[in-house]
Amino acid sequence: MASLLLTRQMTNALQQNNRFFLLGCRCASQAAAKKNVDFEYDGPLMKTEVPGPKSRELIKQLNTIQNADAVNFFCNYEDSRGNYLVDVDGNRMLDLYSQISSIPIGYNHPALIKVLQQPHNFSTFINRPALGILPPENFTEKLEESLLTIGPKGLKNVITMSCGSCSNENAFKLTFMWYRNKERGLSGVTKEELESCMINQSPGCPDYSILSFMGGFHGRTLGCLATTHSKAIHKLDIPSFDWPIAPFPRLKYPLEQFVKENKDEEARCLEEVEDLIVKYRKKKKTVAGIIVEPIQSEGGDNHASDEFFRKLRDISRKHGCAFLVDEVQTGGGATGKFWAHEHWGMDDPADVVTFSKKMMTGGFFHKAELRPDAPYRIFNTWLGDPSKNLLLAEVLNVIKREDLVTNAVQSGKVLIDGLLDMQSRYPHLISRVRGKGTFCSFDAPNDATRTKLITQARNKGVVLGGCGDKSIRFRPTLVFKEHHAHLFLNIFNNILADYK
């Protein structure tokens with residue numbers, strides 16, 4: 001009876017929330033209604049500056065418990081809808097940042113509410129198992145319905161994790177195990193290895209390294225920090241590894257005007273990658289893997305050509321290094337391909353691909369030859385969360401049904417064309433407009449101007465984010481349509497026109 005009562009209570013609560021959702025919003029796009037009715041607000045509605053008085057008081061309260069200096073404002077997620085984020089002061093903002101690129105199909109999407117309403121899904125949300133030892137009976141089936149439907153080329157194995165940092169952290173471990181097994185060959189693990197690893201010494205703990213790029217961001221856990229080079233505040237006071245750091249191309253824009261310069265810049269960076277691999281091998285710190293983002297996101301939305309990545313992949317093969325592609329921020333469709341590395345046009349693009357954010361769960365795909373050779377080698381208590389796989393399966397259904405990857409191309413073109421137009425009219429405020437799909441950005445003249453523009457936009461009802469030293473990045477949801485892009489461009493144009 002208790003179980004039945006709980007089921008009824010959850011169903012009633014979710015139905016009540018769904019009724020409010022349908023009544024409280026209106027259809028904003030008739031074109032979208034042909035595919036799936038797009039319940040959303042008309043536009044931004046501002047009542048106070050942001051953060052408003054309620055947010056400021058909540059920030060003050062939170063600061064008594066933890067450092068809350070990074071908090072922008074407190075949110076009312078129950079009232080947030082689609083592309084619109086509502087704060088606790090009742091301000092409704094068009095969100096082009098989407099929780100640092102992690103909301104795939106908008107706030108409170110009806111399809112995800114329906115997943116929660118299904119009684120047969122209650123157990124998945126209530127019980128969070130230790131997946132490595134006690135997975136639910138439908139776990140394989142649910143992976144096949146979700147992650148395995150969008151696996152990158154050649155990567156048939158997947159391990160789920162809880163976030164992007166732990167995805168990369170465990171991908172590094174997988175790489176080191178694979179490389180050591182290559183060196184070990186048919187020889188078994190020795191007693192000396194087993195004993196020495198317990199005191200953090202070789203040969204049990206070999207002195208391998210992961211090559212990364214200046215400007216890259218791969219997480220804030222201890223191993224990941226050795227490959228993160230975007231902001232000093234991430235790394236200050238934290239011990240790290242002596243791992244190689246290569247320069248990432250700094251392209252000049254517009255690209256068509258600097259073809260030779262950019263080609264030379266990429267060649268210089270690739271040459272440095274090879275030099276570092278050789279140098280570290282001589283130092284007895286063998287490079288077991290190379291990790292790279294298809295677009296350096298936190299580091300400033302830094303792009304490189306498809307040819308650069310193809311040549312980088314060739315270098316990894318030449319030197320026997322695993323090639324790890326970090327798609328934590330770029331994966332999920334925003335660039336106009338489901339995986340950003342698909343733009344490279346390669347049959348064998350990677351040995352490992354990590355993901356999180358828009359994918360609802362963390363984890364990584366990998367080639368079969370990198371599969372751990374014993375239990376508990378890649379392991380933690382939860383190894384992800386089955387409820388996130390359940391939600392991801394429905395997210396993927398919506399993406400396919402509404403052709404949202406194509407939508408990202410179309411709305412992204414409107415967004416980038418509009419930014420280029422503003423760049424031509426306000427060159428003292430906007431430069432280096434760049435991007436793929438809706439995954440785009442521009443540079444402000446300096447950090448102070450960048451901060452002022454983001455603040456002004458927020459107080460006009462638009463949420464933006466920064467990256468790198470002076471860039472503003474756009475990370476809208478996949479349900480961000482052309483009319484949303486036009487709405488933003490009109491608001492932002494007024495800000496630039498009135499800029500003091």
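Here are a few notes on the cysteines and salt bridges of this predicted model.

1. Let's start with the cysteines. Searching the whole structure turns up 0 disulfides. For C224, the nearest cysteine sulfur belongs to C163 and sits 8.3 Å away. C224 is buried, with 0% relative accessibility.

2. C467 is also worth a look. Its closest cysteine sulfur is in C440, and at 11 Å that is too far for a bond. With 1% relative accessibility, C467 counts as buried.

3. D306 is partly exposed at 25% relative accessibility, and K436 is partly exposed at 26%.

4. Another salt bridge links D348 with K367, at 2.8 Å from N to O. D348 lies in the loop between β9 and β10, and K367 in the loop between β11 and α14, so the contact ties together parts 19 residues apart in sequence. D348 is partly exposed at 24% relative accessibility, whereas K367 is buried at 12%.

5. Within helix α16 (residues 447-459), R450 and D447 are 3 residues apart, which means about one helical turn separates them. Their side chains form a salt bridge at 2.9 Å, N to O. R450 is buried at 8% relative accessibility, while D447 is partly exposed at 42%.

6. Finally, a network: salt bridges with shared partners connect R313, D314, R317, D348, D351 and K367.

Key
Residues are numbered from 1 along each chain as its sequence is written. This is a predicted model: local features need pLDDT of at least 70, side-chain atom pairs count only at pLDDT 80 or more; totals for chains, interfaces and linings use all residues. Side-chain values use heavy atoms; hydrogens and water are left out. A disulfide is a pair of cysteine sulfur atoms within 2.5 Å. Buried means under 20% relative accessible area, exposed over 50%, partly exposed in between (1.4 Å probe, protein chains only). A salt bridge is a side-chain nitrogen of Lys or Arg within 4 Å of a carboxyl oxygen of Asp or Glu. Helices (H or I, at least four residues) and strands (E, at least two) are DSSP runs, numbered from the N terminus.
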